[in-house]
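Open the structure in your viewer and keep the selection tool at hand. This tour goes stop by stop.

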Number of protein chains: 2
Amino acid sequence: MHVAVIGANGGIGREVVARLADAGHDALGVVRAESQFDAVRERGGEPRVGDLEGEFVPALQGADAVVFTAGSGGGTGWDETLLVDLWGARRAVDACVEHGIDRFVMVSAYGAGDPSASPEAIRPYQVAKRCADDYLEWSPLDATVLRPTTLTDDEGTGRVSAAFEHPEAAGAEIPRADVAQTVVACLAHDETVGETIRLFGGDTPIDDAVQSDG
Amino acid sequence: MHVAVIGANGGIGREVVARLADAGHDALGVVRAESQFDAVRERGGEPRVGDLEGEFVPALQGADAVVFTAGSGGGTGWDETLLVDLWGARRAVDACVEHGIDRFVMVSAYGAGDPSASPEAIRPYQVAKRCADDYLEWSPLDATVLRPTTLTDDEGTGRVSAAFEHPEAAGAEIPRADVAQTVVACLAHDETVGETIRLFGGDTPIDDAVQSDG
């Protein structure tokens with residue numbers, strides 16, 4: 001499978017590229033600048049330039065699926081949250097619809113499920129993520145939305161806890177590597193199409209977790 | 001008709017309240033603070049307190065229709081754009097769905113039709129407006145979206161130009177008073193349900209303009 005990873009040089013994106021390659025997929029690592037090409041290649045991906053605020057459609061050429069894990073990051077203003085996390089995500093969805101790329105996995109955030117209940121400091125971010133998730137869900141694409149809780153750089157465990165609906169609130173952190181592995185597992189399991197999955201650190205092997213309430 | 005105006009003390013909101021009252025409607029002017037009550041009363045409206053970032057549902061009690069013309073304004077940050085113009089609008093739509101208020105008129109902005117083509121300085125704002133508009137359009141409400149071009153405080157003319165689809169780009173300014181009168185006209189004409197109307201200064205009497213490409 002050819003999988004374009006938008007945000008391939010981010011914390012989760014780097015792990016997604018490496019794990020896609022490990023699983024035998026062709027990972028197309030979409031990054032903003034050629035200076036990030038080596039980072040993609042080192043992880044076994046084919047680097048491509050794409051800018052969510054400019055031209056990125058050519059970077060998706062040949063893809064069977066798209067993973068969206070781009071974000072403006074904490075160091076920029078809320079205007080970039082609107083332009084990248086929300087509008088960039090919508091543009092990516094539109095591009096997939098237009099070019100017949102049917103499968104889309106969105107890396108969202110736990111708090112996007114209920115932005116009004118989020119801490120004030122990150123509430124605007126959760127609004128942007130929620131609106132992007134909704135746009136994807138209302139699209140005709142085969143979509144999976146992952147909403148991981150607090151991310152860490154700990155080593156991956158290969159195990160998570162997944163909740164498909166009405167989960168108990170959970171504070172359990174999750175390593176970015178396990179989120180990345182869950183992305184890859186979702187691409188392998190069509191049962192995840194149409195699902196919004198809240199994701200926590202946990203004890204269920206990832207392949208099992210994405211197939212049922214784990 | 002009982003019409004709740006969210007953002008009743010804004011530039012367009014004040015005009016909407018006055019024109020609703022003139023047309024014989026009961027205008028429920030939703031404002032953030034009691035200090036704005038007199039401004040609503042002076043225009044013939046019944047003032048109510050409602051906060052889009054907090055509690056506002058009680059302010060809609062008894063309404064048959066809602067006009068959304070609130071905005072965080074140019075003096076605040078983009079975080080408020082996300083929280084008020086986008087999330088506040090979505091919460092207003094949700095409240096109407098939940099409480100059986102079927103009619104909704106959204107005052108949007110011309111550039112929301114194509115945020116990527118907007119001047120950079122206001123692009124994040126157009127993204128927020130577009131996403132709010134889409135949420136309303138995808139809701140089960142009887143919705144009209146108005147997208148006026150550049151607003152002025154000139155006196156109303158009673159005439160506009162309305163384009164229901166694929167209009168030529170137009171730069172013609174429009175007085176806020178004429179936007180407000182168009183809101184009132186939309187409430188009187190069910191043909192506007194389901195329409196997104198781009199609105200310019202023009203020569204067509206408002207009641208005629210909202211019933212066909214003016």
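This is a predicted model: local features need pLDDT of at least 70, side-chain atom pairs count only at pLDDT 80 or more; totals for chains, interfaces and linings use all residues.

## Stop 1: the sheet of chain B

Select strand β8 (residues 159-163) and strand β10 (residues 195-201) of chain B: the two run antiparallel and are joined by 4 bridges.

Now widen the selection. β8(B) and β10(B) belong to an open sheet of 9 strands, with the order β3-β2-β1-β4-β5-β6-β10-β8-β11 in chain B. The pairing in this sheet is mixed. Which strands stand at the edges? They are β3 (46-49) and β11 (204-205) of chain B. Each has a single partner strand, so one side of each is left without a neighbour in the sheet.

## Stop 2

Select helix α3 (residues 78-99) of chain B. α3(B) lies across β1 (2-6), β4 (65-68) and β5 (103-107) of chain B. Against β4(B), the helix runs at about 175°.

Next, select α4(B). This helix lies across β5, β6 (142-148) and β10 of chain B. Its angle to β6(B) is about 155°.

## Stop 2: over to chain A

Select the strands of chain A. Here is an open sheet of 9 strands with mixed pairing, in the order β3-β2-β1-β4-β5-β6-β10-β8-β11. Its edge strands are β3 (46-49) and β11 (204-205) of chain A, and each pairs on one side only.

Click Val105(A): its bridge partner in β6(A) is Thr144(A).

Helix α3 (residues 78-99) of chain A lies across β1 (2-6), β4 (65-68) and β5 of chain A, at about 175° to β4(A). Helix α4 (residues 123-137) of chain A lies across β5, β6 and β10 (195-201) of chain A, at about 155° to β6(A).

## Stop 3: where the chains meet

Show both chains together. How many residues does each chain bring to the contact? Chain A gives 20 residues and chain B gives 20 residues. The area buried between them is about 1800 Å², and carbon and sulfur atoms give 76% of this area.

Select Leu82(A), Trp87(A) and Trp138(A). Together they supply 31% of the area that chain A buries against chain B, more than any other three residues.

Then look for polar features. Across the interface, 4 residue pairs are in polar contact. On the side of chain A that touches chain B, α3(A) and α4(A) each supply at least two residues. The largest share, 9 residues, comes from α3(A). By class, this side of chain A has 12 nonpolar, 2 polar and 6 charged residues.

## Stop 4: the salt bridges

Side chains of opposite charge can pair when their charged atoms come close. Over all chains, the structure holds 14 salt bridges. Between chain A and chain B the count is 2.

Select Asp134(A) and Arg90(B). They form a salt bridge, and their closest N and O atoms are 2.5 Å apart.

Finish with Asp134(B) and Arg90(A). Their side chains meet in a salt bridge too, at 2.5 Å from N to O. Why does this pair join two chains? Asp134(B) lies in helix α4 (residues 123-137) of chain B and Arg90(A) in helix α3 of chain A, so the pair links one chain to the other.

Conventions. Residues are numbered from 1 along each chain as its sequence is written. Chains are lettered from A and ligands numbered from 1 in the order in which they are written. Side-chain values use heavy atoms; hydrogens and water are left out. Two strands pair if DSSP finds at least two bridges between them. Contact means heavy atoms within 4.5 Å. Axes are lines fitted to C-alpha atoms, for helices over the stretch in contact, and angles run from 0 to 180 degrees between N-to-C directions. Buried area is the accessible area (1.4 Å probe) that two parts lose on being put together, summed over both. A salt bridge is a side-chain nitrogen of Lys or Arg within 4 Å of a carboxyl oxygen of Asp or Glu. A polar contact is a pair of N or O atoms within 3.5 Å; within protein, one must be able to donate a hydrogen and the other to accept it, and residues adjacent in sequence count only if both atoms are side-chain atoms. Ala, Val, Leu, Ile, Met, Phe, Trp, Tyr, Cys and Pro count as nonpolar, Asp, Glu, Lys and Arg as charged, and the others, Gly among them, as polar.
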